[in-house]
Amino acid sequence: MSETEENSVDRLLEILADEAAFGLGADQEHLLKSIPDDLSPAERDEMMKIAGLTQLSFLKIDAQACQEMPEHLREKILTKADEFFARQLAKSNAGKVVELNEFRTANEAKKLNESQQQAPRSNINTWIGWSVAAALLIALVVNQSDFRGTLETPASSIAQQRVELLNETRDAIQVPWRETADFQGAGIDGDVVWSNSTQQGFLRLAGLPANDPTISQYQLWIVDPDRDANPVDGGVFDVASNDGETIIRIDAKLNVKSPAAFAVTREKPGGVVVSAGPLLIVAAVKS
Amino acid sequence: MTDQSILERISGGDKAAVKDCLDAYGALVWSLARRFLGNVADAEDAVQDIFIAIWSAAGQYDASIASEITFISTIARRRLIDRLRKTGRRPATESLDSEDSAQPQPAVASRLEESAEVAKVARVLESMPPDNREILAMSLYEGYSHSEIAGHMELPLGTVKTRVRRGLMQIREQLQLTDELAQDELR
């Protein structure tokens with residue numbers, strides 16, 4: 001390693017140590033953008049993990065500080081857990097914003113796992129057909145469960161959370177939607193915000209026609225060629241109105257490593273395991 | 001009985017695992033938050049945020065990479081830092097010391113005793129000069145800013161930053177070293 005490279009690594013470690021100790025200011029966030037791409041999220045998290053372990057070690061020394069959580073706080077958290085699970089399990093209704101965050105029961109998860117392990121490759125259809133910017137053509141093979149979108153009443157908190165993710169997460173990307181050859185003239189506006197380190201993201205959409213969820217639903221796909229040829233199912237969602245903006249939380253059910261694009265299709269109610277497209281809108285990530 | 005970890009059960013949608021998670025880690029997260037934020041009201045808000053974050057991230061937990069306690073403490077730390085940066089370390093509205101009339105929670109201490117990683121870090125801390133250890137404790141455990149520590153210890157700000165960085169890097173190196181030694185022994 002050259003002296004310059006060593007200095008660069010030392011500086012990087014210093015920034016990560018500062019982050020783990022007290023977070024980073026805007027000036028240091030900027031410096032983190034220069035972190036080499038080949039540094040994995042796990043490596044980037046290592047210093048935070050060490051700081052967390054050190055915090056635990058001090059707690060171990062300070063045994064008197066180990067206190068039971070107050071009962072009223074425990075009750076509050078259990079109530080929040082009920083809300084959290086209910087939100088995850090709620091069914092889609094028209095006129096609401098959808099949150100793609102289905103929380104499966106243990107049994108469903110087990111069945112899904114088994115069916116995925118047993119599914120022969122021959123059942124996987126190739127899903128071709130999108131071009132963006134530089135006539136990118138990717139074969140999309142879908143081998144995913146039919147995770148369902150769940151409802152969340154429109155709330156400013158989602159918009160707020162989107163802004164927070166964008167502003168406060170160092171690796172958050174913002175990618176605008178583009179219409180495709182199959183879906184021109186709708187005047188789509190909006191973008192995708194996504195963070196690899198947190199595996200969180202949001203769709204912001206305006207101009208996508210309202211759907212009747214008894215007839216069809218929109219479905220999100222995350223294209224991640226580094227991970228697999230199979231795009232990750234982002235879940236189904238509804239657009240309640242032709243007017244205004246819809247913000248949807250993404251909860252990718254598989255770990256996304258390096259998204260190349262986000263795409264939306266229109267499918268039968270509940271979505272599909274294998275999509276034949278066409279893609280309606282695409283947000284392509286610049287490499 | 002199941003061999004799955006609590007986080008794996010939460011990820012699988014087992015709602016009963018939420019209670020188990022609170023039983024296992026509630027006091028631990030609460031104790032960390034109280035000490036780090038120095039304010040009971042903020043700690044209560046933070047602990048709620050932390051558990052929601054833990055449930056949301058449960059699907060990303062990989063037992064081959066980290067223990068549950070490490071995974072949870074990392075999430076807790078990120079959330080506590082976020083809160084502290086937003087709100088600052090506000091004066092305690094209730095004395096934490098007065099709460100210490102409550103009995104210490106032995107299960108937390110016991111859980112910490114069980115963690116080999118915590119034990120390794122504790123050993124590195126014990127080997128540090130007391131001043132450096134105090135600076136690390138004020139920064140990482142008690143949530144004081146670098147400038148607050150500099151004022152308290154009557155040290156230049158740059159010195160405090162350097163000692164915190166060096167302390168973390170020393171712990172990192174020692175953990176890597178012990179991991180390498182353990183792997184060598186397995187060969």
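Guide: Welcome! In this predicted model, the contact takes 58 residues from chain A and 73 residues from chain B.

Visitor: How much area do chain A and chain B bury between them?

Guide: They bury about 6200 Å², with 65% of it on carbon and sulfur atoms. On the side of chain A, A:Phe22, A:Gln55 and A:Gln67 supply 13% of the area that chain A buries against chain B, more than any other three residues.

Visitor: What makes the meeting of A:Glu14 and B:Arg165 a salt bridge?

Guide: Their side chains come to 3.8 Å, N to O. A salt bridge needs a side-chain nitrogen of Lys or Arg within 4 Å of a carboxyl oxygen of Asp or Glu, so this pair qualifies. The count between chain A and chain B is eight salt bridges.

Visitor: Now to chain B: why is helix α2(B) called oblique to α3(B)?

Guide: Helix α2 (residues 16–37) and helix α3 (residues 40–57) of chain B pack at an angle of about 140 degrees, with their axes 9 Å apart. Roughly antiparallel would take over 145 degrees, and roughly perpendicular is 65 to 115, so α2(B) is oblique to α3(B).

Visitor: Which way does α2(B) cross α3(B), left-handed or right-handed?

Guide: The crossing is right-handed. Among the residues that meet there are B:Tyr25 and B:Trp30 in α2(B), and B:Ile50 and B:Phe51 in α3(B).

Visitor: What classes of residue make up the contact of α2(B) with α3(B)?

Guide: There are 16 nonpolar, one polar and three charged residues. B:Gly26 is in that contact, and Gly counts as polar.

Key
Residues numbered from 1 in each chain as written. Chains lettered and ligands numbered in written order. Predicted model: local features only at pLDDT ≥ 70, side-chain atom pairs only at ≥ 80, totals over all residues. Heavy atoms only, no water. Axes fitted to C-alpha atoms, helices over the stretch in contact; angles between N-to-C directions. Helix = DSSP H or I, 4+ residues; strand = E, 2+ residues; numbered from the N terminus. Parallel < 35°, antiparallel > 145°, perpendicular 65-115°, else oblique. Left-handed = near helix turned anticlockwise from the far one by under 90°. Contact = heavy atoms within 4.5 Å. Buried area = accessible area lost by both parts, 1.4 Å probe.
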